[in-house]
Amino acid sequence: MPPKPVIRAAAVQIAPDLTSRAGTMEKVLNAIADAADKGAEFVVFPETFVPYYPYFSFVLPPVQQGPEHLRLYEEAVVVPSAETRAVAEAARKRGMVVVLGVNERDHGSLYNTQLIFDADGSLVLKRRKITPTYHERMVWGQGDGAGLKVVETAVGRVGALACWEHYNPLARYALMAQHEEIHASHFPGSLVGPIFGEQIEVTMRHHALEAGCFVVNATGWLSEEQIASIHPDPKLQKGLRDGCMTCIITPEGRHAVPPLTSGEGILIADLDMRLITKRKRMMDSVGHYARPELLRLLHDTRPAVPREEWANEPMDIEEPSDA
């Protein structure tokens with residue numbers, strides 16, 4: 001359990017700068033400072049917020065995506081880099097645990113990556129979304145089981161998943177089995193329409209109940225001007241509105257504060273960590289309510305690498321005897 005019985009958490013609903021990584025990074029650092037001024041010790045940002053979620057891939061046919069996809073390559077984040085060092089320093093200065101979604105560039109590929117910075121500024125987790133969803137498969141590569149990890153932080157045991165990874169019950173169970181206390185999640189926001197926000201709410205509340213943990217979820221936001229800049233067709237613009245559900249959920253499946261479904265803002269809530277035991281006393285999905293002799297998860301935690309080196313030891317060849 002964390003050193004304090006109550007943790008103040010923040011979930012940020014904010015619009016990126018669709019023109020530059022630098023502009024979005026300025027918003028990130030300002031939001032960290034704003035949340036810290038409100039007493040937050042833990043903050044979550046939207047999915048692939050730096051430099052921005054690839055909204056273009058949802059409304060443009062593949063043959064037209066090339067220029068925007070290449071621009072995303074140029075604006076994407078390398079880990080480590082000046083951007084990750086800036087967030088690490090902000091986390092250290094404010095004594096805050098920060099969960100940030102980025103488009104990560106690793107040479108010739110992009111990944112949907114979640115970064116968790118501890119309160120001392122150390123990067124304690126870099127994980128990649130294991131299965132990009134639908135249109136996203138044109139943009140990002142796949143992550144691996146090594147990232148399905150719960151990490152010890154200044155606010156307790158933190159796990160993270162992105163968007164529709166929450167519809168992979170085994171991915172969620174991998175974190176539940178590691179006894180996560182705070183689950184960090186995020187979605188793009190301003191996508192699909194009102195039904196998306198409704199689905200997010202159901203999903204976040206269900207995970208909090210099943211895992212017996214707090215869920216801090218952040219979704220992004222687009223202004224009307226930004227929507228128009230992504231695509232000029234009013235019919236397609238409908239797919240870039242609504243779908244926001246920034247929320248903080250207790251282990252009892254309740255909203256700790258009213259959710260944020262439109263506009264920019266920061267939710268702040270105090271997490272009473274004693275509620276975790278209160279919930280799990282009744283139903284612990286990976287403890288007394290589990291049946292591992294019947295059902296259990298096989299989790300391959302090896303990083304997926306395209307090349308491995310095998311060091312060959314010199315062969316010990318025996319000389320023939322004279323006999």
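Here are a few friendly notes on the structure above.

1. This is a predicted model, in which local features need pLDDT of at least 70, side-chain atom pairs count only at pLDDT 80 or more, and totals for chains, interfaces and linings use all residues. Residues are numbered from 1 along each chain as its sequence is written, and side-chain values use heavy atoms, leaving out hydrogens and water.

2. Let's start with the sheet. Five strands form an open sheet in the order β6-β7-β8-β9-β10, with mixed pairing. Its edge strands, β6 (151-153) and β10 (247-249), each pair on one side only. From one strand to the next, the twist averages 25°. Here strands (E, at least two residues) and helices (H or I, at least four) are DSSP runs, numbered from the N terminus, and two strands pair if DSSP finds at least two bridges between them.

3. Now look inside the sheet. Strands β7 (residues 156-162) and β8 (residues 182-187) run parallel and are joined by 5 bridges. Ala162 has His186 in β8 as its bridge partner. Helix α5 (residues 169-176) packs on the sheet, touching β7 and β8; contact means heavy atoms within 4.5 Å. The direction of α5 makes about 170° with that of β7, where axes are lines fitted to C-alpha atoms, for helices over the stretch in contact, and angles run from 0 to 180 degrees between N-to-C directions.

4. Ala290 is buried, with a relative accessible area of 16%; buried means under 20%, exposed over 50% and partly exposed in between, using a 1.4 Å probe and protein chains only. Not counting residues up to four places away in sequence, Ala290 touches Tyr173, Asp284 and Ser285.
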